[in-house]
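Hi,

Here is the structure I promised to pass on. Have a look at it first, and then read my notes below.

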Amino acid sequence: MDIISAYREVGTYRGAAQVTGTTHKTVKRVIARHEAGGAAPEGAPRGHNYDIVAALVAERVEKTAGRISAKRLLPAARAAGYAGSARNFRRLVAEARQAWRRDHHRGRRPATWPPGEYLVIDWGSEGGLHVFCAVLAWSRFRFVRFAADERAETTLALLAECFEVLGGVPGTVLADRMGCLKGGVVANVVVPAPEYVRFAAHYGFRPDFCEAADPESKGIVENLVGYAKADLIVPQAPFSGFTAANAAAAEWCAEVNGAVHSEICAVPAERLMIERELLAPLPSLRAAIGKSVTRKVDRLSCIRFASARYSVPARLIGTQVTVRVDDGRLLAVMTSTGEIVAEHTLVAPGEASVRDEHYGGPRPDTPRRAVRPKTVAEKQFCALGPVAEAFITGAAAAGHTRLGPELAELNTLRAAHGEQEFLAALDRAVAFGRWRAADVRSILAAGAGLPLPQAAGDRLAVALPAVPVRPLADYAIGSLS
């Protein structure tokens with residue numbers, strides 16, 4: 001039976017549903033569609049319980065560039081009247097952040113690497129191991145080695161080994177802003193270190209550095225670092241030593257370079273044969289790395305090497321010297337003439353190797369504290385010379401706290417008695433350890449006829465006279481009877 005006819009006869013939704021064998025909800029929808037002219041009736045829009053804070057969320061997401069989380073926004077939403085669940089609120093924040101990213105995506109274009117032009121390098125660490133990674137950008141040929149540290153000489157030595165494996169030198173080496181290769185930054189432009197510049201000039205490539213905090217500029221090597229950690233270090237670590245680790249790294253590189261690369265859909269080792277024709281030839285000799293470094297002589301007439309201090313002649317303060325290490329010895333060489341100006345045995349970090357001839361003689365047993373007069377009375381008194389300086393240092397050592405005020409009185413005594421008599425009295429006061437002005441006045445009042453202290457002379461030897469000696473038997477008791 002027709003639902004509409006049944007409803008007209010029965011007059012109720014439930015009665016028509018029993019007649020037609022359906023539900024009352026279906027009857028209600030059919031009747032509503034019929035009364036609306038055959039079209040489905042427009043339903044009233046249903047709101048969300050977070051609509052009252054949607055504007056607040058959009059504002060905070062815009063202000064934080066899409067980085068704020070729902071956890072941090074929820075207290076502010078509660079204060080603004082939101083009474084729903086945290087899960088519903090997370091949906092609102094996620095939709096707002098997606099909308100912001102859709103409108104503010106900076107967009108990136110895929111990198112195009114010309115053949116023979118770029119080698120990208122970077123360091124990584126996993127489980128206490130330092131791993132050096134390099135990839136030739138066009139062919140995707142990968143080079144991975146392990147090292148004990150990430151110092152400049154280690155980086156350059158591994159880079160030289162990488163060039164030898166590639167069979168040539170690319171036009172540019174793109175690196176992260178490594179501290180070991182970076183000499184400074186000026187207006188966001190990285191200035192390479194002098195050792196890196198000399199190394200690049202020897203091999204004939206251009207050193208380049210990526211943008212700060214921009215992994216997309218060298219994502220090609222970032223992927224290699226993560227791949228080496230996950231596929232080489234984690235499955236095979238720990239290694240018995242660096243020799244075993246580097247042997248495993250060479251085997252791993254041969255494996256991955258011989259397989260089809262998912263990005264270029266080609267075998268990197270085969271593409272290297274094509275790219276090698278565009279690489280610059282290797283120099284006849286490998287660059288000297290770590291053999292000599294340049295150091296500036298500081299004000300202590302010393303140079304620092306490996307956290308230790310080594311002395312050089314004082315005439316070289318402020319100049320540059322070349323430091324060479326050979327067989328446990330450190331040689332300081334004049335950069336301009338090649339003259340060896342100092343030679344030391346290597347010492348441990350934090351220690352110092354100092355030679356007396358670099359400072360004009362041995363260090364004195366006691367430090368010298370120079371007398372430097374400042375006031376007018378001090379200058380007048382110290383003008384008398386070494387006797388006055390000896391009087392001041394002796395009085396200071398004896399703890400004479402009134403020495404400063406009494407200098408004026410001493411200068412008056414000098415003017416009253418004359419310089420020669422005053423010097424003699426001052427000398428006598430120093431000899432006897434008398435440091436007060438009253439003592440000097442007493443010496444001047446006594447006059448010049450006083451005995452002077454003399455040093456002890458030689459031992460006096462006097463010949464004693466010979467006298468008769470009585471034997472002990474003469475003193476016996478029995479002899480008296």
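E9 pairs with strand E10 (residues 308-311) through four bridges, in the antiparallel sense. Before I go on, keep in mind that this is a predicted model. Within that pairing, cysteine 302 sits opposite serine 311 of E10. Both strands belong to an open sheet of three strands, ordered E9-E10-E14, and its pairing is mixed. Strand E9 (302-305) and strand E14 (352-353) are the edges: each has a single partner strand, so one side of each has no neighbour in the sheet.

Leucine 316 lies in the loop that links E10 and strand E11 (320-326). Is leucine 316 buried or exposed? Its relative accessibility is 3%, and the cut-off for buried is under 20%, so leucine 316 counts as buried. Leaving aside residues up to four places away in sequence, leucine 316 touches Val297, Val321, Met334 and Val341. Alanine 429 is 113 residues from leucine 316 along the chain, and their C-alpha atoms are 45 Å apart.

The other part I looked at is strand E4 (residues 172-175). Thr172 and Leu174 point one way from E4, Val173 and Ala175 point the other way, and all are buried. Strand E1 (residues 118-126) runs parallel to E4, joined to it by four bridges; here tyrosine 118 has threonine 172 as its bridge partner. E4 is also joined to strand E7 (residues 206-209) by four bridges, again in parallel, and valine 173 stands opposite proline 207 in E7.

Cheers

Methods:
Residues are numbered from 1 along each chain as its sequence is written. This is a predicted model: local features need pLDDT of at least 70, side-chain atom pairs count only at pLDDT 80 or more; totals for chains, interfaces and linings use all residues. Side-chain values use heavy atoms; hydrogens and water are left out. Buried means under 20% relative accessible area, exposed over 50%, partly exposed in between (1.4 Å probe, protein chains only). Helices (H or I, at least four residues) and strands (E, at least two) are DSSP runs, numbered from the N terminus. Two strands pair if DSSP finds at least two bridges between them. Contact means heavy atoms within 4.5 Å.
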